[in-house]
Each structure stands twice: as C-alpha cells, then as structure tokens.
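Dear colleague,

Please find below the structure that I am handing over to you.

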There are 2 protein chains.
Amino acid sequence: MDTKTAGKYERRAAVIKALAHPSRLYIVDRLAEHEHCVNELTALIGSDMSTISKHLSVLKNAGVVQDERRGASIYYSLRIPCILNFFKCADAVIQAIQKEQSALAE
Amino acid sequence: MDTKTAGKYERRAAVIKALAHPSRLYIVDRLAEHEHCVNELTALIGSDMSTISKHLSVLKNAGVVQDERRGASIYYSLRIPCILNFFKCADAVIQAIQKEQSALAE
DNA sequence: TGGTTAATTGGCTAATTTACCAAATAACCA
DNA sequence: TGGTTATTTGGTAAATTAGCCAATTAACCA
C-alpha cells in the first residue's frame with residue numbers, strides 16, 4: 001500500500017477509533033438529541049467526571065463533537081450528524097450475528 | 001447507565017471497534033468491490049500474512065465479513081454492505097476538520 | 001476576596017492491541 | 001507419500017487505551 005493510500009485509511013480509522021467505545025457511543029447518541037454539558041453526561045453515565053471529560057476530548061479531537069463555554073459550564077454538541085448512520089449499520093451487523101447464532105442453535 | 005443500556009452500547013462498540021484500524025478499513029473497501037483471499041489482501045497491504053489473517057479474524061468475529069474455503073484458498077467477502085456508509089461519514093468529519101484548520105490558518 | 005461548582009490535566013496502573021516470527025494445519029499435486 | 005502453497009495459531013515485546021484519584025484552572029457569587 002502506498003503512503004498516500006495509507007494516509008487516507010489512517011485518517012478514516014482515526015475518526016472511527018474515536019467512536020469505538022461504549023461510553024463515547026452513548027455520548028454521541030445523547031448529543032444527537034440535544035447538547036449536554038459534562039456534568040449532565042457524567043450523571044447519565046456514572047463514571048468519574050475526569051473519565052467523561054477525556055472521552056469528550058477524544059471525540060472533539062476527532063472532529064465528531066464541538067464545545068462551547070457558557071458561564072461555568074461547557075456544552076458539547078454533535079458536529080457531524082451522519083455519525084448516527086453508524087448506529088444503524090452496527091445494529092444491522094448485530095442483528096445478522098444474532099440471526100446466525102439462533103440458526104446454529106437449532 | 002443501567003445494565004441493559006450498557007449492553008446495547010457495548011455491542012455497537014464491538015462492531016465499530018472491529019473497523020477501527022487502517023488495514024481493516026482498507027480490507028473492507030477492497031471486499032466491497034469483490035471477494036479476496038488472504039493471499040491477495042496480503043499482497044495489496046504488504047504486512048505479514050499472519051497479521052492480515054488476524055485482521056480478518058477480527059472482522060469475522062464482529063460479523064462484518066464471512067469466509068469460504070475453495071480449494072487451498074479461503075475467500076473473504078463483505079457480509080453487511082452498509083459498512084460503506086461509515087466511510088462517507090468519516091470522510092465528512094475529515095473534511096470538516098480540514099476546513100476548520102484552513103480557516104484557522106488564515 | 002474567599003468559597004463553591006464545573007471542567008480539565010497529570011500521574012499511575014491494569015488491560016488491550018498490534019505486529020512480527022516460528023510453528024502448526026489444511027489442501028493440493030507430482 | 002512427500003513437497004509446496006495457503007492459512008491460522010501461539011508466543012512475545014512495544015505501544016496504546018481506560019479509569020480512577022489528586023491537583024489545577026475557570027467562572028461565578030456572596
């Protein structure tokens with residue numbers, strides 16, 4: 001694989017990698033409804049706030065979310081809504097696996 | 001987050017995680033055109049065959065690809081074509097980042 | 001200014017991932 | 001059967017990731 005092609009797939013992988021964590025997917029799903037501050041997401045997920053903050057920074061560095069300070073809080077929102085298509089397809093894969101497994105169980 | 005919800009996002013993350021590697025994304029892109037055996041993919045990518053084989057096993061375990069032995073070779077093909085939507089969206093994120101960076105550079 | 005809440009950063013450890021090599025399996029052909 | 005090609009598996013070292021705690025930064029209010 002030549003360097004240019006490798007770069008293309010590395011950039012794509014960087015975006016997808018940023019999404020590849022349950023908490024981060026959950027965050028994306030919540031932000032798809034409306035913006036949330038770190039505090040709210042922390043309460044929803046139940047991890048340490050520093051952990052959530054780091055997840056948000058991963059998503060932000062990848063270009064998936066954006067943040068905006070308003071007063072003492074920092075509000076995060078989805079930058080690219082097409083991210084939600086990932087869910088549909090991931091769920092289609094999951095369904096296919098389940099179908100296969102129940103077919104094998106017969 | 002309750003256990004059921006956590007499970008849902010863990011399953012989704014497992015699928016997305018399987019895609020989160022440049023070589024695996026490249027493989028998916030090649031398989032979107034037509035099936036390939038391990039040998040062919042190894043030649044295209046240029047890593048050790050054992051490395052490619054392990055990448056394929058990650059994709060297979062996640063339900064993204066399927067394999068079929070024909071003679072001495074094992075042919076891999078895409079199981080769920082919607083995976084390709086990931087690329088479009090990942091590229092949209094990448095474009096947005098680049099736009100932002102060139103705006104900042106002004 | 002001092003206290004309080006919101007968020008990020010640094011440090012640390014445990015767990016996971018990756019890539020290569022070497023060895024094992026599987027299928028084919030002479 | 002023996003040799004060759006295709007693929008997978010096991011082992012190992014290096015790199016990355018995740019999560020928590022403690023400390024720091026930022027904004028607000030009394």
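**Disulfides and chain symmetry**

Over all chains, a search of the whole structure finds two disulfides. Please note that this is a predicted model.

In one of the disulfides, Cys82(A) is joined to Cys89(B), with an S to S distance of 2.2 Å. Cys82(A) is located in the loop between β3 (73–78) and α5 (84–105) of chain A, whereas Cys89(B) belongs to helix α5 (residues 84–105) of chain B, so the pair joins two chains. The torsion about the S-S bond of Cys82(A) and Cys89(B) is about 85°, so this disulfide is right-handed. Cys82(A) counts as partly exposed, at 22% relative accessibility, and Cys89(B) counts as buried, at 2%.

Cys89(A) and Cys82(B) also form a disulfide, with their sulfur atoms 2.2 Å apart. This pair crosses between chains as well, running from helix α5 of chain A, where Cys89(A) lies, to the loop between β3 (73–78) and α5 of chain B, which holds Cys82(B). Its S-S torsion is about 85°, so the disulfide of Cys89(A) and Cys82(B) is right-handed. Cys89(A) is buried, with a relative accessible area of 2%, while Cys82(B) is partly exposed at 22%.

As for Cys37, the residue is buried in chain A, with a relative accessible area of 6%, and Cys37(B) is buried at 7%.

Turning to the symmetry, chain B is superposed on chain A by a rotation of 180° with 0.0 Å of shift along its axis (RMSD 0.1 Å). That is the relation of a two-fold axis. The same surface serves both copies, as 97% of the contact residues of chain B recur in chain A.

Kind regards

Conventions
Residues are numbered from 1 along each chain as its sequence is written. Chains are lettered from A and ligands numbered from 1 in the order in which they are written. This is a predicted model: local features need pLDDT of at least 70, side-chain atom pairs count only at pLDDT 80 or more; totals for chains, interfaces and linings use all residues. Side-chain values use heavy atoms; hydrogens and water are left out. Copies are superposed by least squares on the C-alpha atoms of residues with pLDDT of at least 70 in both. Contact means heavy atoms within 4.5 Å. A disulfide is a pair of cysteine sulfur atoms within 2.5 Å. Helices (H or I, at least four residues) and strands (E, at least two) are DSSP runs, numbered from the N terminus. Buried means under 20% relative accessible area, exposed over 50%, partly exposed in between (1.4 Å probe, protein chains only).
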